[in-house]
Amino acid sequence: MSWPETVRTAWEALAGRRSRSGLTVLGILIGIAAVILTVGLGEGAQARVGHAIASLGTNLLIVTPGSATASGLRGGLGSASTLTLGDARALQSHLDCPDIAAVAPVVQRSFGLAAGSNTWTAPVLGTTPAYLPIRNRSVVAGAGLTAADVTTGASVAVIGSQVATSLFPSGRAVGRTIQVGGVPFTVVGVLNTAGATANANQDDLVLVPITTAQQQLIGRSGPQAGSLSQILLSARSPQAMGAAYQETQDLLLQLHHIPSPAQADFTVTPQTALLSTASSVSGTLTVLLVGIAAISLLVGGIGVMNIMLVSVTERIREIGVRKALGGTPSDIRRQFLVEASGLGLAGGLGGALLGLAGALVLPQVIGNPVDISWPAVAGSIVVAVGIGVVFGVYPASRAARLAPIDALRSD
Amino acid sequence: MAEAAVSPASRRGARPAGERELTPPVIQLQDVWKRYSLGAVVVEALRGVSLAIAEGEYVAVMGPSGSGKSTLMHLLGCLDVPTAGAYRLAGRDVAGMSERELAAVRNRRIGFVFQQFNLLPRLSAARNVELPMAYAGVDRRQRRERARAALEAVGIGDRAHHRPSELSGGQQQRVAIARALVTDPTLLLADEPTGNLASGQAAEVLALFAGLHAQGRTVVLITHDPEVAGHARRVVRLRDGEITADEPVPGPR
């Protein structure tokens, strides 16, 4: 029997049992839609993490006090007090560190903020004007910190957009006064909106000159006096990241009189490391979700096999008649295989449509982006047909093996 | 004696010219045995049956149930192969043929008519008649034409687009006969073709067979009904897997 004729016969058989075929297709359809959506969610999450990390600043290196242990765990931020303004100044030397473009020392602590009757709590960062270019941030209203602010220890603050809307819900923040831990600061600028990364909200912070912070807010006395929370560095180019990392490492080891990198009392983390960690986390999640979706596909495939076995038993007389009229075993096998893969194909196409519809609707419901991966869509349809074929093989060969007299005899 | 009954009927286009100088019998069984094992019990359904049927004959195989006539019909129809002995269909030995080859033989050489009609319920009469041609690889247009012609030949050309459930038993059996004839087979094999029909419809179907015989077709009819067998020209009687009688029907109607 020719292929077009086989396909026509299979179509007639499937269309003749509409509700049963439909339900079987539904099993595959749901599995395929689930795969497409989970892959899309995974890719969306990955793209968002990548974007968020890129927005932290290009070519960024972060030096934090404390050392990495063998297990890769690290003491919390500021758990050791080994970085100083002297370190930051030394890193700015183009002689020692030709690949470092900019350096921003940071002291950081959370403070209660107040403006009139409005209160808020946010991290306050004492830093220098270099902070903004290093972190790829800009000011949307007013101005940023100036070198003069740092030199004079001015009581000025640049606030994140979330802090601005919380403290000044009615609008204009620039020129107003806020209390930071009871100390009055004049707002001179508002930062652009950057969104949240995995571990920090980039819009919920207050920037003040580092000198002001050290004199009036953080570390006025005590063992941590004069120590930094972190030093942010930017390399001259993405290609210079490795060199900048090495220069930082070497210079700080030398300044801290530490003979071997294994004993370092600080940690240098390139931004690329953050990126790969974040994408490996979301990658693991994607694999897990796809695994679950794959199981639902498997169940759909078993549904196809079940329905095809029922169909073979039910149509035993038809098979006998077809054989008596000249159908060869391979004709019969092919007919049932085409029916099974037809179920798979219908499930695949339907699942792809449902998945695409879900990709349009879902982001509005759960707020997570869904990136449609066209290779995944095409692959899903192929897999769906493959499922039909694989799970159709057994029923089809059972039909093909039926002896014509046994098939004809049954009533 | 079977040879004595050969009638020199010539049939249009039944056999490619020059295939053989001397036409062999359509059917030649030589000491054919068929054994089934049902668990521990071995049943001998056929015990050394020898039979020759020539082209153009109209033969009824008669016997009570359990006589082996169904088994004989399965062997003649190449739906099954003998345990021992030789079966030549139009000169070709079918023993040792693969399932694929048997399917091809059934497709080209044999037209089946069953007691249960065995039409596919979801297909129209015309599509049912097209079925053997679909397996033979005949193209669609030619298939349609030949199916229409075959349905007209059995007198139900106007029912071509009806499904079997919309037809009477007699009409369904006519569709089945059209389906059996449409490939122009060497042998028309009918198993109790009137068993499920009212007497009026049965007579029509038997008249159809008589007409086919008159055209020179080879017809083998399996039945337990002497009335039906009386329409044939030769009756082979079967009992306990053996042929007990093989004689011409006296006084042809």
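This is a predicted model: local features need pLDDT of at least 70, side-chain atom pairs count only at pLDDT 80 or more; totals for chains, interfaces and linings use all residues.

Student: What makes A:Ala34 count as buried?

Tutor: A residue is called buried if 20 or more other C-beta atoms lie within 10 Å of its own, and A:Ala34 has 24 C-beta neighbours inside 10 Å, so A:Ala34 counts as buried. Its place is in helix H2 of chain A, which covers residues 18–55.

Student: Which residues does A:Ala34 touch, if those up to four places away in sequence are not counted?

Tutor: Leaving those out, A:Ala34 touches A:Ala293 and A:Ser296. As for A:Gly355, its C-alpha is 6.9 Å from that of A:Ala34, although 321 residues separate the two in sequence.

Student: Why are H11(A) and H12(A) called roughly antiparallel?

Tutor: The axes of H11(A) and helix H12 of chain A, residues 374–401, cross at roughly 155° and come within 7 Å. Angles over 145 degrees count as roughly antiparallel, and therefore H11(A) and H12(A) are given that description. The crossing in which H11(A) passes H12(A) is right-handed, and the residues of their contact divide into 21 nonpolar, twelve polar and two charged.

Student: Which residues of H3(B) and H4(B) meet each other?

Tutor: From H3(B) there are B:Ala125, B:Ala126, B:Val129, B:Glu130, B:Met133 and B:Ala134, and these meet B:Arg143, B:Arg144, B:Arg146, B:Ala147, B:Arg148, B:Ala150 and B:Leu151 in H4(B). The residues of this contact divide into eight nonpolar, no polar and five charged.

Student: What makes helix H3 of chain B mostly covered?

Tutor: Helix H3 of chain B runs over residues 125–136, and eleven of its twelve residues are buried. Among the buried ones are B:Arg127, B:Asn128, B:Leu131, B:Pro132 and B:Tyr135. What covers the buried residues includes H1 and H11 of chain A, together with helix H2 (99–109), helix H4 (140–153) and helix H5 (169–181) of chain B. Just after H3(B), B:Gly137 takes a positive phi of about 85°.

Student: How many residues does each chain give to the contact, and which helices of chain A supply at least two?

Tutor: Chain A gives 18 residues to the contact and chain B gives 19 residues. On the side of chain A that touches chain B, helix H1 (3–15), helix H10 (316–324), helix H11 (329–366) and helix H13 (404–409) each supply at least two residues. The largest share of that side, five residues, comes from H10(A). By class, the side of chain A that touches chain B has seven nonpolar, five polar and six charged residues.

Student: Why are S2 and S5 of chain B said to stand at the edges of their sheet?

Tutor: The sheet is open and has four strands in the order S2-S1-S4-S5 (chain B), with antiparallel pairing. Strand S2 (41–53) and strand S5 (92–93) each have a single partner strand, so one side of each is left without a neighbour in the sheet.

Student: How do you know that S4 and S5 of chain B pair?

Tutor: Strands pair if DSSP finds at least two bridges between them, and two bridges join strand S4 of chain B, residues 84–89, to S5(B), the strands running antiparallel. In this pairing B:Leu89 stands opposite B:Arg92.

Student: What are the partners of S7(A), and in which sense does each pair with S7(A)?

Tutor: Strand S4 of chain A (residues 139–142) pairs with S7(A) in the antiparallel sense over three bridges, strand S5 of chain A (residues 156–159) pairs in the parallel sense over four bridges, and strand S6 of chain A (residues 177–180) is joined to S7(A) by four bridges and runs antiparallel. A:Gly189 in S7(A) is the bridge partner of A:Gly142, and A:Val158 also stands opposite A:Gly189.

Notes:
Residues are numbered from 1 along each chain as its sequence is written. Chains are lettered from A and ligands numbered from 1 in the order in which they are written. Two residues are in contact if their C-beta atoms, placed from the backbone, lie within 7 Å. Ala, Val, Leu, Ile, Met, Phe, Trp, Tyr, Cys and Pro count as nonpolar, Asp, Glu, Lys and Arg as charged, and the others, Gly among them, as polar. Axes are lines fitted to C-alpha atoms, for helices over the stretch in contact, and angles run from 0 to 180 degrees between N-to-C directions. Angles under 35 degrees count as roughly parallel, over 145 as roughly antiparallel, 65 to 115 as roughly perpendicular and the rest as oblique. A crossing is left-handed if the near helix is turned anticlockwise from the far one by less than a right angle, and right-handed if clockwise.
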